[in-house]
Amino acid sequence: MITGFIVLLVCQLIGDFTVHVLDIPIPGPVVGMVLLFVVLQLRRPGRESGVVRAADGLLRHLQLLFIPAGVGIIQYLPVLAGAWLPVIAGLVISWLAVLLVTAGTGVGTLRLEGRFKRRGGRAAEGAT
Amino acid sequence: MNLQFAQAWTALLQSPLFGITLTLIAYQAARTVWKRTRGHSLANPVLVAIILVAAFLLIFQIPYEDYQNGAQYISFLLGPATVALALPLYRQAANIRRAAWAVIACLITGSTTAVVVAITVTTLLGGSDQLALSLAPKSTTTPVAIALSESVGGIASLTAAFTILTGILGAVAAPRLLTLLYVFDQRVRGLAIGMSSHGIGTSRALQDDPVAGAFSGLAMALNALVTAVVLPLLLATMPWMLDLSP
């Protein structure tokens, strides 16, 4: 378990360091996530390994970790009250747009892919 | 005696113990509410816990800074938790390969739409640059949204609030909306929920269907990566988005 946490923290450390050195606008923990993904692919740890248990433990209570940042909204209540229209409209409209565009793209791509595969299959049958 | 009590009370509020304990109690209470209502969308644990803590601070007139003395240690764990998101990604590696093209296409259109629509709508309606930039990364998972918001000039706490609000909106409304639109492919439902409503949406998708849940988690994880690249890129190539204010 401790080893698992060390792995997570070291990945984040390397991520933070990389981001600072290269001066790129990507969060250090995201680079750490990619790094850990590569490590997992290479090491293929079992279900009982420290990394898996540490990561699962953190993710199980992921919601807890959002609470302090969410409570921070009370400091910005005046900002929100002063600009409620752009905030609510920007939030709801862009959320809806992402949902619709993603669903449309997904349905479209899978349908196209299915058509290509079927055509490819028929061509192969014709060849034999 | 009274004075001593008042001094002890002030000292207690300013110690890290206070913020950590309050957050954990609120979280546990919110989880109980969530279980009692059998996972009602509106009884989302994050939402309920935030309301409980905020109400406590406002009623007892405790400055947010005092709460933050302890709460910062909880927020700190968002870093390693973000790294830990590699685990679900690793578990879905085979699924990624099979539906790779749909996933890639959705990532590109979804992340671009999120940033462009959020910024243009907000600025068109008179919101400030800072407000628009705080809204731009709100469809990514919260730790990433906070980090991205900070790196492009938004306000981290505002972004956290927007992101959580967006997630709750998704958990409540997205599945019904997709059904109304005749989107029944669980892979697509998952991608749409994960892209738009990150972790909170994913928890709802997991309840509804294992395939939708898996794809939602996948979209959430990959969207974090793609948006981290797309957001600064769009801001650099289309700076006019911020000049639309009337």
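Buried residues make up 38% of the 128 residues in chain A, a residue being buried if 20 or more other C-beta atoms lie within 10 Å of its own, exposed if 12 or fewer, and partly exposed in between, with C-beta atoms placed from the backbone. The model is predicted, so local features need pLDDT of at least 70 and side-chain atom pairs count only at pLDDT 80 or more, while totals for chains, interfaces and linings use all residues. Residues are numbered from 1 along each chain as its sequence is written, and chains are lettered from A and ligands numbered from 1 in the order in which they are written.

Chain A has six helices and zero strands, where helices (H or I, at least four residues) and strands (E, at least two) are DSSP runs, numbered from the N terminus. Along the sequence, the pattern of chain A is α-α-α-α-α-α. The radius of gyration of chain A is 23 Å, well over the 14 Å from the globule rule for 128 residues, so chain A is more spread out than a compact globule. This radius is taken over C-alpha atoms, and the globule rule is 2.2 Å times the number of residues to the power 0.38. The C-alpha atoms of chain A fill a box of roughly 70 × 50 × 35 Å along the principal axes. Two residues are in contact if their C-beta atoms, placed from the backbone, lie within 7 Å. Among contacts in chain A between residues at least 6 apart in sequence, 43% join residues at least 24 apart.

In chain B, 13 helices and zero strands are found, and the elements run α-α-α-α-α-α-α-α-α-α-α-α-α from the N terminus on. A box of roughly 70 × 45 × 30 Å, taken along the principal axes, is filled by the C-alpha atoms of chain B. Of the 246 residues of chain B, 52% count as buried. For contacts in chain B with a separation of 6 or more, residues 24 or more positions apart account for 64%.

Confidence is described by pLDDT, the predictor's confidence in each residue, from 0 to 100. Chain B has a mean pLDDT of 88, and 99% of its residues reach 70 or more. The model scores ipTM 0.83 and pTM 0.79.

Chain B is assigned domain 1 (2-76) and domain 2 (85-243), with bounds that come from an automatic or database domain assignment. The centres of domain 1 of chain B and domain 2 of chain B, taken over C-alpha atoms, are separated by 28 Å. Six residues from domain 1 of chain B and seven residues from domain 2 of chain B take part in the contact.

Between the chains, 59 residues of chain A are in contact with 87 residues of chain B. On the side of chain A that touches chain B, two or more residues each come from α1 (2-22), α2 (28-43), α3 (50-60), α4 (62-71) and α6 (84-127) of chain A. With 22 residues, α6(A) gives the most to this side. By class, the side of chain A that touches chain B has 44 nonpolar, 13 polar and two charged residues. Here Ala, Val, Leu, Ile, Met, Phe, Trp, Tyr, Cys and Pro count as nonpolar, Asp, Glu, Lys and Arg as charged, and the others, Gly among them, as polar.

A nonpolar core is a set of buried Ala, Val, Leu, Ile, Met, Phe, Trp, Tyr and Cys residues joined through C-beta atoms within 7 Å. In the largest nonpolar core, of 110 residues, A:I67, B:A49, B:V53, B:A84, B:A86 and B:A192 touch the most other members. Helix α13 (residues 210-237) of chain B gives the most to this core, with 13 residues. Not counting residues up to four places away in sequence, B:A192 touches A:L99, A:T102, A:A103, A:G106, B:A174 and B:L178.

Positive phi values were also examined. A:R44, a residue other than glycine, has a positive phi near 45 degrees and lies in the loop between α2 and α3 of chain A. A:R44 counts as exposed because it has 9 C-beta neighbours inside 10 Å. B:H198, also not a glycine, has a positive phi of about 35 degrees and lies in helix α12 (residues 186-208) of chain B. B:H198 is buried, with 30 other C-beta atoms within 10 Å.
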